[in-house]
Amino acid sequence: MDIQENIINKVAQSGLITVDLANYAPKEPIVIYDIKDNLFHGLILKEKDFREFIKGHDWSQYAGQHVGIICSTDAIVPTWAYMLLTTKMMEHAVSVHFGDEETVRGALFEKSLSGIDFEQYQDQRIVVKGCGDIAIPESAFVTFTAALSTRAKSIMYGEPCSTVPVFKRKS
């Protein structure tokens with residue numbers, strides 16, 4: 001009896017294009033600055049004290065990082081305080097945002113995804129990779145799918161060997 005040893009990789013022959021959104025994740029770390037540490041009794045921002053802090057603080061510690069500014073207490077913080085922090089941090093940080101780590105990550109993904117030339121996916125069958133080592137916000141999947149659905153022939157989620165159909169353009 002003769003056994004044939006020809007194994008055919010049907011996934012490779014399917015013409016599917018796999019896109020891993022982790023490739024669009026920010027490379028630099030994200031740090032959060034909580035303005036509550038600048039509040040008097042955790043409630044009040046004293047302008048004189050805050051300006052002295054701004055002058056004397058070592059802002060270089062934010063070099064090469066994305067910074068999110070938050071206030072984790074129920075204090076009313078004047079808008080100019082966030083603006084002052086931003087101007088000092090921007091001298092060193094890669095970017096500055098208002099919000100927690102999840103908000104910052106979402107904004108960075110949005111910016112990164114906006115640079116994609118979606119023409120390359122015209123009439124293609126796309127698998128958007130579902131699992132990976134990097135947490136990807138749902139907002140990134142929504143943004144990518146919205147842009148992709150105007151071009152792609154079909155969109156699936158998962159891995160090429162096990163996908164969930166998401167979109168199929170009607171001919």
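This briefing covers salt bridges in the structure above. The model is predicted. The count comes to 5 salt bridges. Three of them are described here: Arg51 with Glu47, Glu119 with Arg151, and Asp123 with Arg169.

**Within helix α2**

- Arg51 pairs with Glu47, and their closest N and O atoms are 3.0 Å apart.
- Both residues sit in helix α2 (residues 47–56), 4 residues apart, so about one helical turn separates them.
- Arg51 has a relative accessible area of 38%, which makes this residue partly exposed.
- Glu47 is partly exposed too, at 40% relative accessibility.

**Between two loops**

- Glu119 and Arg151 form a salt bridge through their side chains, at 3.0 Å from N to O.
- This pair links distant parts of the chain, 32 residues apart.
- Glu119 is in the loop between α4 (101–113) and β5 (125–129), while Arg151 is in the loop between α5 (138–148) and β6 (154–159).
- Glu119 is partly exposed, with 45% relative accessibility.
- Arg151 has a relative accessible area of 24% and is also partly exposed.

- The side chains of Asp123 and Arg169 meet at 2.7 Å, N to O, in a salt bridge.
- Asp123 counts as partly exposed at 45% relative accessibility.
- Arg169 is partly exposed, and its relative accessible area is 31%.

Conventions
Residues numbered from 1 in each chain as written. Predicted model: local features only at pLDDT ≥ 70, side-chain atom pairs only at ≥ 80, totals over all residues. Heavy atoms only, no water. Salt bridge = Lys/Arg side-chain N within 4 Å of Asp/Glu carboxyl O. Buried < 20%, exposed > 50% of the residue type's maximum accessible area, 1.4 Å probe, protein only.
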